[in-house]
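Take a look at the structure below.

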Amino acid sequence: MSMPSAEPLSSLRILTAVVEDHPGVLTRVAGMVRRRGFNIQGLSVGPTDEHGRSRMTLTVDAGHAEVDQVQKQLKVRPGDEIVTAGTRNARYPDLYPYGIPIGRVSPG
Amino acid sequence: MTGAEIVLEALQREGVDIIFGYPGGANLPIYQQLPKYPKLRHVLVRHEQGATHMADGYARACGKPGVVFATSGPGALNTITGLATAYMDSVPMVAITGQQNTTLVGRDAFQESDVIGCSMPVTKHNYMLTRVEDIARVIHEAFYVATTGRPGPVLIDICKDVQQASCEPVWPTRVDLPGYRPAFTPDLSRVREAADALSRAERPVILAGHGVILSGGQEELIALAERSVTPTGTTLLGVGAFPVRHPLSLHMTGFMGTGWNIKAVQNADLLMMVGMRVDDRVTAKLSEWAPNVETFIHVDIDPSEMGKNVRPHMEVVADAKTALREMLPYVREPQPECRRPWLTQVDRWREEHPLKYAHSNGHLQPQDVMIEMYRRCDDDAIVVADVGQNQIWAALWWNYTRPGLFINSGGAGTMGFAFPAAIGAKFARPEKAVWCVAGEGGFVMTAQELSVAVKHKLDVKIVLLNNFSLGMVRQFQDDFYGGVRSEVDLTEMPDFVKLADAYGLPGLCVERMEDMRAAFDFAERTPGPVLIDFRIDPDANVYPIVPLGKGLNDFTELPDEYA
């Protein structure tokens, strides 16, 4: 498997979110990402070991926008908790490696 | 208790004293219980959109969240425009809508619609309740979410069978929302840094937005501007946040802002943006906005505003009042010789680019009407403006010497907002005079609420700036779309004096300058609502204006030959 080149991926960011597990949360998160014009390239959702919480992992293409904005936007609405984020261009090396939930940045 | 009783009891516990609503099939259980709660005053509107704008005007006038009731399907869908209006302008509101029975949701039942799906993009948060046990907690949460952090509307959709079910409610004493952490206190290190930069700048400008008014930070803003000797302007939604006759006032900014404000923004070396989103109506063409600024300071309660439109050098995430108060002790008074050239320059721009309008073409000028109205406002009345030219005239001729209440739909730009919002404002502040400024186009979009003003004998004076056309669109077509006047003619409209009469309030028509004062006199001495149909110059335009798609430097003023 060849590694994808760095250039086209520079606006990709992987976000993981721990969210309350009730109907509509996926719509809510997807809606927020869509509204800002970001494209979701990959998505997976699964239960956590904590009752009533699920984890979402999103690969988001921030396109022309600043990648940080995705994260800020997702943080401000109730019920949706972004706990950690990684990025393929290693802008935040302490949150590398991408895609693997590391722990809670902001504990609930 | 039944679910319906829990709803009403919970509202009472939240300190609600007024509800703007409309009953229907899916909220009948709530309305059945309503008479048992006489402390909850209910205002029966004539259209659910009116209810949301009334709740909005109420909230903006007194700071408490507005409360709306609507039934399912069309009732709830009619609230969408009002929710969006409140959402765009960060106004606290709680809307409670009825929904079909839980067993019928998703089966295309009568008056069933996906209200959660429809309202999601235009509310801060929403809930669908399918269990009676959740009502008490969710209503408490809804008020908490609506009023904390950056305020906004919250919708609660309650299935009818849940309203009829019973349980022993557990009244929440705290809110448990792990993912919701509004910024309550600013980062003090950033505050100090920002205050330092402001003190050191040679050509600083402060722009104040709605956040200053929402947080009640007007006094703090004046103190900070005075201590740092900084020229201060406002956004359209921030009108009223800074006294417009203050020597440091830059008045309104943006693509229809004053010439001296635009000049100051375009030449500033430091720009502090307080409680505002820096939207396209403020910046015009973003790449040409504030080109000489070396330091952007952004103060806002919402961290997601930081860098959304303009990347600031310093971010202070907190409500405007707290941030300004915390910043004040760190501001050093600049040396007079350091700031004098800048102030002299701003004063010169103020003289070179005054607000102008066409005085002597034989028509009644809207600006004359505004000047006369504001003379009677006496620094104290609430003025609610609609959307379009009337809104900008009302904002530009705003003349308060102290911080005051100017209400308008700045973000969403919802035509038809002003009149119901003025009704809500009057319910919130009955001691205040309330003036509603609207064009004839916007006014007829929600004019059915005249019945509410008449029924409650509300002292709302309607100043209709009637130019027989959709004036702002007409101006854009004339100036930017090749002069093709397409579908803007409103010659066929009701006789507004007869319309007022039909609704049971006095109406007057004024066509000449000489009759203007007598009409205002009549309105002021007549209790209850009064409508004045001012037949204004059909070609009156808004100036200054920046051509669509251009930068602020390209602003155009009224040609001298018309002034």
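What follows is a short tour of a predicted model.

## A sheet in chain B

Strands of a sheet pair through backbone hydrogen bonds, either parallel or antiparallel. In chain B, six strands form an open sheet, and their pairing is parallel. The order is E9-E8-E7-E10-E11-E12. Strand E9 (249–252) and strand E12 (314–317) of chain B stand at the edges. Each has a single partner strand, so one side of each is left without a neighbour in the sheet. On average, neighbouring strands of this sheet are turned by 15° against each other, with direction ignored.

Now look at one pair in this sheet. Strand E11 (residues 295–300) of chain B runs parallel to E12(B), and four bridges join them. His298(B) has Glu315(B) in E12(B) as its bridge partner.

## Two pairs of packed helices

Two packed helices are described by the angle between their axes and the distance between the axes. Start with helix H12 (residues 259–267) and helix H15 (residues 336–352) of chain B. They pack at an angle of about 145°, and their axes are 8 Å apart. Their crossing is right-handed. H12(B) brings Trp260(B), Lys263(B), Ala264(B) and Asn267(B) to the contact. H15(B) brings Trp342(B), Val346(B), Trp349(B) and Arg350(B). By class, the residues of this contact are five nonpolar, one polar and two charged.

Next come helix H1 (residues 3–13) of chain B and H7(B). Here the angle is about 30°, and the axes lie 9 Å apart. H1(B) passes H7(B) in a right-handed crossing. On the H1(B) side, the contact uses Gly3(B), Ile6(B), Val7(B), Ala10(B) and Leu11(B). On the H7(B) side, it uses Ile135(B), Ala136(B), Ile139(B) and Phe143(B). This contact has eight nonpolar residues, one polar residue and no charged residues.

## A pocket lined by both chains

Rolling a probe the size of a water molecule over the atoms shows where empty space is left. The second largest pocket holds about 940 Å³ of space. It is lined by 38 residues. Closest to its centre are His22(A), Pro23(A), Tyr127(B), Met128(B) and Arg137(B).

Which element supplies the largest share of the lining of this second largest pocket? E5(B) does, with five residues. Helix H6 (115–119), strand E5 (125–129) and helix H7 (135–147) of chain B each supply at least two lining residues. The lining of the second largest pocket divides into 12 nonpolar, 13 polar and 13 charged residues.

## Cavities

How many cavities of 30 Å³ or more does a search of the whole structure find? It finds three. The largest cavity has a volume of about 60 Å³. Its lining is made of Gly259(B), His353(B), Pro354(B), Leu355(B), Lys356(B), Tyr543(B), Pro544(B), Glu557(B) and Leu558(B). Five of these lining residues are nonpolar, two are polar and two are charged.

## Two backbone details

Most residues other than glycine have a negative phi, and most peptide bonds are trans. Two places in chain B deserve a look here. Tyr543(B) and Pro544(B), which both line the largest cavity, are joined by a cis peptide bond with omega of about 0°. Pro544(B) lies in the segment after strand E18 (530–535) of chain B.

Asp108(B) sits in the loop between strand E4 (93–99) and H6 of chain B.

Notes: Residues numbered from 1 in each chain as written. Chains lettered and ligands numbered in written order. Predicted model: local features only at pLDDT ≥ 70, side-chain atom pairs only at ≥ 80, totals over all residues. Heavy atoms only, no water. 1 Å grid on protein atoms, 1.4 Å probe; cavity = no way out; pocket = protein on both sides within 12 Å on 5 of 7 lines; lining within 4 Å. Points joined across faces, edges and corners; volume = space filled by probe spheres on them. Nonpolar A, V, L, I, M, F, W, Y, C, P; charged D, E, K, R; others polar. Pairing = 2+ DSSP bridges. Axes fitted to C-alpha atoms, helices over the stretch in contact; angles between N-to-C directions. Left-handed = near helix turned anticlockwise from the far one by under 90°. Contact = heavy atoms within 4.5 Å.
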